[in-house]
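Subject: structure handover

Hi,

Here is the model I said I would pass on. Have a look at it first, and my notes follow below.

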Amino acid sequence: MKLRALLCFLCLCATTLRAADDWRYIDNGHIRIGVNLAAGGCIGWFSRSGAKENLLNHYDEGRYIQQSYYGDADGSDWNGKPWRYNPVQGGSWKGQPATVLEQKIDAQSISIKTRPRHWATGALLDEVTMEQHISIDGGLATLRFTMNYSGTREHKHTHQELPALFVQPRFDTLVFCDAAQPAWKDAPLTRKQPGFPNEHIKLSEPWCAWIDKDGGGIGLYFPHTTEATTYRYRDGGEGKSNCSYIAPIQTFALKPGMVFKYQAVLALGTAEQIRAVFSKLARH
């Protein structure tokens, strides 16, 4: 029994070590951001430099900051729910990782090229490649995404998450500038605690922030849209599945030969600090 326990312990240590080895980080003394190569190279860590707490929630392969696109219903099934064509950079809902095709990492940037999996079926999708470039400068992390679709099917228009942001549940208040307010005029900000399921919001300024009870949090800038979907999930306890979520959305269709690119920026601070930083980005 002692030998079996020792072998189990060594196996657990080896698994933990391998899992740790799959992560890659860059840190400039202001912020730290990390990707998991065992989940398609998706972004799964964001914090201040030297902090021990990860502000992001990566409970499963679908919760990383990553590329994910939706097409037509295709007869697939996600945990008992009818699903659709859905290439996901991180992998499938059963934990099958996507394939990292290329990686380039230096002190200030991370570039990843990935072959995604179908979220529901787990199939590797040869007709899709996803590229992700992360660069850090001061307190900002700039994320650039590119998707190449070489499939033969033209899908119908649907909402696309660009990208989804899942944060730890203590960030319970969503802050944004409502569409009824003038953009970048220091208009009052809306603060709310969304429920579940999704709630659709419209904004005059293309950013939002999740903040905690002390007023600090994480902001996302998305110059490609002024619409988003949001929710807060609670399982009734303190489970790891609890999270706060926001995803900027655009509506378009996947088409043969399509190359789609977009950019987003992450920042930390109070809502007012985040707004000031993103205001400067919007004016350049």
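Let me start in a loop: Pro163 is found between β12 and β13 (165-167). A cis peptide bond joins Leu162 to this Pro163, with omega at about -15°. Before you read on, keep in mind that this is a predicted model. There is another cis bond to look at, between Phe196 and Pro197, where omega is about 10°. Pro197 also belongs to a loop, the one from β15 (190-192) to β16 (199-202). For context, most peptide bonds are trans, and most residues other than glycine have a negative phi.

Asn79 has phi near 50° and sits in the loop between β4 and β5. Its relative accessibility is 53%, so Asn79 counts as exposed, the cut-off being over 50%. Asp186 has phi near 60°, and its place is the loop between β14 (173-176) and β15. With 70% relative accessibility, Asp186 counts as exposed too.

The largest pocket holds about 1,000 Å³ of space. Its lining is made of 33 residues, and the closest to the centre are Tyr70, Trp78, Trp83, Phe166 and Tyr231. Elements that give two or more residues to that lining are β4 (73-78), β5 (81-84), β12 (158-161), β19 (227-233) and β20 (243-252). Which of them gives the most? It is β5, with four residues. Also on the subject of Trp78: Lys81 lies over the face of this ring, at 4.8 Å from the ring centre.

On to the aromatics. A search of the whole structure turns up 17 aromatic pairs. In one of them, Phe145 and Tyr262 have ring centres 5.0 Å apart and planes at 35°, so the pair is tilted. Phe145 comes from strand β11 (residues 140-149) and Tyr262 from strand β21 (residues 258-270), so this pair links distant parts of the chain, 117 residues apart. Both Phe145 and Tyr262 are buried. They also belong to a cluster linked by ring pairs, together with Tyr69, Phe252 and Phe260.

Next, the strands. β1, β2 and β3 form an open sheet in that order, with antiparallel pairing. At the edges are β1 (23-27) and β3 (42-48), each pairing on one side only. Neighbouring strands in this sheet are turned by 20° against each other on average, ignoring direction. Between β1 and β2 (residues 31-36) there are five bridges, and Asp27 has Arg32 of β2 as its bridge partner. Arg32 shows up again with a ring: it lies over the face of Tyr25, 3.8 Å from the ring centre.

Elsewhere, β7 (residues 99-105) and β8 (residues 109-115) pair in the antiparallel sense over six bridges. A hairpin through three residues joins the two strands. If you want a landmark there, Thr99 has Arg115 in β8 as its bridge partner.

Is Arg275 buried or exposed? Its relative accessibility is 10%, so Arg275 counts as buried, the cut-off being under 20%. From C-alpha to C-alpha, Arg275 and Cys208 are 8.3 Å apart in space, while 67 residues separate them in sequence.

Cheers

Conventions. Residues are numbered from 1 along each chain as its sequence is written. This is a predicted model: local features need pLDDT of at least 70, side-chain atom pairs count only at pLDDT 80 or more; totals for chains, interfaces and linings use all residues. Side-chain values use heavy atoms; hydrogens and water are left out. Rings of Phe, Tyr and Trp (its six-membered ring) pair if their centres lie within 6.5 Å; planes under 30 degrees apart count as stacked, over 60 as edge-to-face and the rest as tilted. Buried means under 20% relative accessible area, exposed over 50%, partly exposed in between (1.4 Å probe, protein chains only). A charge sits over a ring if NZ of Lys or CZ of Arg is within 6 Å of the ring centre and within 35 degrees of the ring normal. Two strands pair if DSSP finds at least two bridges between them. Axes are lines fitted to C-alpha atoms, for helices over the stretch in contact, and angles run from 0 to 180 degrees between N-to-C directions. On a 1 Å grid over the protein atoms alone, a cavity is a set of points where a 1.4 Å probe fits but cannot get out, and a pocket is an open set with protein on both sides within 12 Å along at least five of seven lines; lining residues have an atom within 4 Å of a point. Grid points are joined across faces, edges and corners, and a volume is the space filled by probe spheres set on the points.
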